[in-house]
Amino acid sequence: MVTLAEVAQHAGVSASTVSYVLSGKRSISATTRQRVERSIRELGYHPNAGARALASSRSNIIALMVPLRTDMYVPVMMEIAIAVATTARTHGYDVLLLTGEEGPDAVRRVAGSGLADGMILMDVELDDERLPLLRESSQPAVLIGLPADTTGLTCVDLDFKATGALCVEHLAGLGHRDVAVIGEAPAVYERHTGFAERTLDGLRSAAREAGLRLLHRPCEGGYDATAVTVARILDERPDTTGFVVQNEAAVEPLLALLRQQGRAVPEDVSVVAVCPEPVALQASVRLTSVSLPAQEMGRKAVEQLVAKLDGRGGDEVVLLPPELTVRASSGPAPVR
């Protein structure tokens with residue numbers, strides 16, 4: 001392996017100068033910096049991670065906590081995780097991925113061991129049991145998600161309340177008066193997961209303002225569960241002409257069930273989804289949807305955390321505004 005001393009000899013400078021170029025702790029002239037960086041490239045020098053950590057009292061690692069649950073849509077979680085990893089790399093950090101459902105124990109383990117310089121937490125609940133420990137810890141952290149109380153926290157998320165409202169406003173503008181919501185699995189609401197609860201809050205608030213009748217039913221997803229949910233909805237509200245779906249696994253089963261019942265989309269029934277863009281585009285009917293900005297959430301979370309690590313960032317909540325794209329699945333309410 002190439003050593004720091006060999007880089008210094010090749011560049012014609014002292015070893016301490018090479019160290020200062022790498023750490024940025026002292027101002028080095030542009031000419032000298034360029035000469036050192038050229039030698040680093042030509043020799044293929046890579047700083048020893050352990051020595052660098054000892055010298056800087058940093059691990060240059062970010063811990064990403066992603067509890068992988070069967071009731072969550074894993075592709076979205078992984079898209080966010082990949083965005084976190086690639087953005088972290090551009091800032092000189094590696095990512096330690098924690099996928100277990102350890103709750104506060106994971107926060108305690110990372111904060112107390114020096115495993116990572118900072119943490120990013122996903123799958124945030126309204127009353128998340130990890131947050132008291134996080135507030136007590138001095139370690140910088142960012143949440144991808146929004147709890148009920150954001151005091152003393154830095155959060156990045158899609159504005160899910162505005163997302164729910166946007167879906168209802170779109171259907172109301174098309175003349176729909178009875179709208180049903182096919183939601184996430186029951187366990188997601190039982191945990192009071194932030195994104196699901198906030199979407200529902202936005203749906204209900206906008207429905208009240210627009211004078212719509214709104215019916216919400218959780219769904220496990222998959223054909224059989226969706227069939228039971230749709231049958232229940234149409235039994236309770238036979239005049240339903242609009243569906244909002246926040247459950248990727250229920251999208252295609254819903255469209256198939258509507259076809260089987262002779263209900264044309266969008267002539268008889270309109271469908272709006274809160275889902276990733278590929279799900280909306282690859283459905284049997286291209287869906288009007290609010291997409292999930294997974295990559296942007298991951299990127300902004302890292303940028304917020306790096307700013308905190310560098311002493312530049314404070315506690316703040318960053319909510320990304322939703323954008324609804326109208327496609328083939330929504331149209332005017334049928335005349336009764």
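Is Cys219 buried or exposed? In this predicted model, Cys219 counts as buried, with a relative accessibility of 1%. Cys155 is another buried cysteine, this one at 0%.

A disulfide is a covalent bond between the sulfur atoms of two cysteines. Search the whole structure, though, and you come up with zero disulfides. Take Cys219: the closest cysteine sulfur to its own belongs to Cys275, and that sits 15 Å away. The pair would have to be within 2.5 Å to count as a disulfide, so the sulfurs of Cys219 and Cys275 are too far apart for a bond.

Now for the backbone, where a few spots are worth a look. Start with Asp123, in the loop that runs between strand 3 (118-121) and helix 7 (131-136). Asp123 isn't a glycine, yet its phi is positive, at about 55°.

You'll find His192 in the loop between helix 9 (186-190) and helix 10 (194-210). What about its surroundings?

Last stop: the peptide bond between Val265 and Pro266. That bond is cis, with omega at about 10°. To place it on the chain, follow helix 12 (248-260) onwards to strand 9 (270-274); Pro266 is in the loop between the two.

Methods
Residues numbered from 1 in each chain as written. Predicted model: local features only at pLDDT ≥ 70, side-chain atom pairs only at ≥ 80, totals over all residues. Heavy atoms only, no water. Helix = DSSP H or I, 4+ residues; strand = E, 2+ residues; numbered from the N terminus. Buried < 20%, exposed > 50% of the residue type's maximum accessible area, 1.4 Å probe, protein only.
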